[in-house]
Amino acid sequence: MQPSSPTPANVTIGILALQGAFAEHQVMLQKASLKRRVVIVLVRQQEDLDKCDALIIPGGESTTIALLARLAGLLEPMREFLKTKPVWGTCAGAILLSRWVEGAKKGGQELLGGISVTIERNGFGSQVESFEAPLEVEGLRESNRPFHGVFIRAPVVIGLNPSPTDPPIQIISRISPSLLPASQTVVPLDEDDTDPRDPRTIVALRQGLHLLTTFHPELTKDDRFHEYFVRECVLPTVTSRSSSPA
């Protein structure tokens with residue numbers, strides 16, 4: 001039996017850099033309190049993606065990002081990437097990471113389909129209905145300190161739809177139902193033991209390797225969500241791959 005490979009000293013995280021708030025994610029990763037050195041790659045073509053251990057898809061305009069990704073030849077490589085490596089989608093990135101979408105523009109919306117949820121594009125309303133709210137987030141460093149959630153034309157999770165073979169969905173943050181827009185009606189309790197409350201209050205969740213946030217952690221001065229992604233989603237997979245037999 002061959003000895004396992006040493007754990008790599010660096011972790012390479014890509015940020016999809018076609019449109020949106022990719023520069024803000026880069027700044028947050030650079031300042032984050034991490035136990036491993038992170039190499040950041042701005043992903044604009046498949047050669048960039050091939051270097052990465054994980055990927056962040058930023059907020060922006062989901063239809064535009066999807067179109068530019070197709071033109072760059074990145075859609076199919078990203079779909080293959082997320083089968084084995086962690087992906088985090090924020091706001092527009094959360095839409096792309098979802099399996100189903102409602103409220104798409106005419107002509108539809110291309111998705112990566114990494115997380116088994118249905119999401120409503122601009123579910124929280126227009127730009128003028130953007131808001132900020134303190135969030136309790138399970139698993140964050142200093143979890144007793146609220147995280148400042150920034151919601152800008154944010155999507156809304158309207159359904160959890162895991163199949164029996166999908167990894168379980170872990171809800172890590174919700175907002176108060178009182179913050180839902182008037183267009184969103186809170187549903188009564190039901191028999192779904194995956195999520196017995198209204199999914200529309202979910203603003204952060206995990207499924208398998210992947211992380212989804214409907215808000216913009218990169219637009220704050222708080223690096224804890226980026227530290228969480230690296231610690232909980234990225235490092236375990238990098239360590240697992242490096243310790244696999246050759």
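Visitor: How many salt bridges does the structure hold?
Guide: This is a predicted model: local features need pLDDT of at least 70, side-chain atom pairs count only at pLDDT 80 or more, and totals for chains, interfaces and linings use all residues. A salt bridge is a side-chain nitrogen of Lys or Arg within 4 Å of a carboxyl oxygen of Asp or Glu. The number of salt bridges in the structure is 15.

Visitor: How many helices and strands are in the protein chain?
Guide: Both kinds of element are DSSP runs, numbered from the N terminus. Helices (H or I) need at least four residues, and strands (E) at least two. The protein chain has 6 helices and 12 strands.

Visitor: What share of the 246 residues counts as buried?
Guide: Buried means under 20% relative accessible area, exposed over 50%, and partly exposed in between (1.4 Å probe, protein chains only). Of the 246 residues of the protein chain, the buried share is 52%.

Visitor: Among contacts between residues at least 6 apart in sequence, what share joins residues at least 24 apart?
Guide: A contact means heavy atoms within 4.5 Å. Among contacts in the protein chain between residues at least 6 apart, the share joining residues at least 24 apart is 74%.

Visitor: Which side chain meets Arg 200 in a salt bridge, and is that partner buried or exposed?
Guide: Arg 200 counts as buried because its relative accessibility is 17%. It meets Asp 198, with N to O at 3.3 Å. At 4% relative accessibility, Asp 198 counts as buried.

Visitor: Which residue of helix H6 pairs with Arg 206?
Guide: Side chains of opposite charge can pair when their charged atoms come close. Here a salt bridge joins Arg 206 and Glu 232, N to O at 3.8 Å. The pair links distant parts of the chain, 26 residues apart: Arg 206 is in strand E11 (residues 202–207), and the partner in helix H6 (residues 224–243) is Glu 232.

Visitor: Which residues join Glu 232 in one network of salt bridges?
Guide: Glu 232 also meets Arg 231 in a salt bridge, N to O at 2.6 Å. Arg 231 counts as partly exposed, at 28% relative accessibility. Through salt bridges that share partners, Glu 232 is in one network with Arg 141, Arg 206, Asp 223, Glu 227 and Arg 231.

Visitor: Which residue in E12 is the bridge partner of Arg 206?
Guide: Two strands pair if DSSP finds at least two bridges between them. E11 and E12 run antiparallel and are joined by 4 bridges. They form a hairpin with 2 residues between them, and Gly 208 in the turn has a positive phi of about 60°. The E12 partner of Arg 206 is Leu 211.

Visitor: Which residues cover the two faces of strand E12?
Guide: E12 spans residues 210–213, and both of its faces are covered by buried residues. One side has His 210 and Leu 212; the other has Leu 211 and Thr 213.

Visitor: Which residue stands opposite Leu 212?
Guide: E12 pairs with strand E4 (residues 87–90) in the parallel sense, over 3 bridges. The residue opposite Leu 212 is Gly 89.

Visitor: How far apart in space are Gly 89 and Thr 213?
Guide: Gly 89 is buried, with a relative accessible area of 0%. Not counting residues up to four places away in sequence, it touches Ile 57, Ala 94, Leu 97, Leu 211, Leu 212 and Thr 213. Gly 89 and Thr 213 are 124 residues apart in sequence, yet C-alpha to C-alpha they lie apart by 6.4 Å.

Visitor: Which side chain makes a polar contact with the side chain of Asp 166?
Guide: A polar contact is a pair of N or O atoms within 3.5 Å; within protein, one must be able to donate a hydrogen and the other to accept it, and residues adjacent in sequence count only if both atoms are side-chain atoms. Asp 166 sits in the loop between strand E9 (156–160) and strand E10 (169–174). A polar atom of its side chain lies 2.9 Å from the backbone nitrogen of Ser 163. The side-chain partner, at 2.8 Å, is Ser 116.

Note on methods
Residues numbered from 1 in each chain as written. Heavy atoms only, no water.
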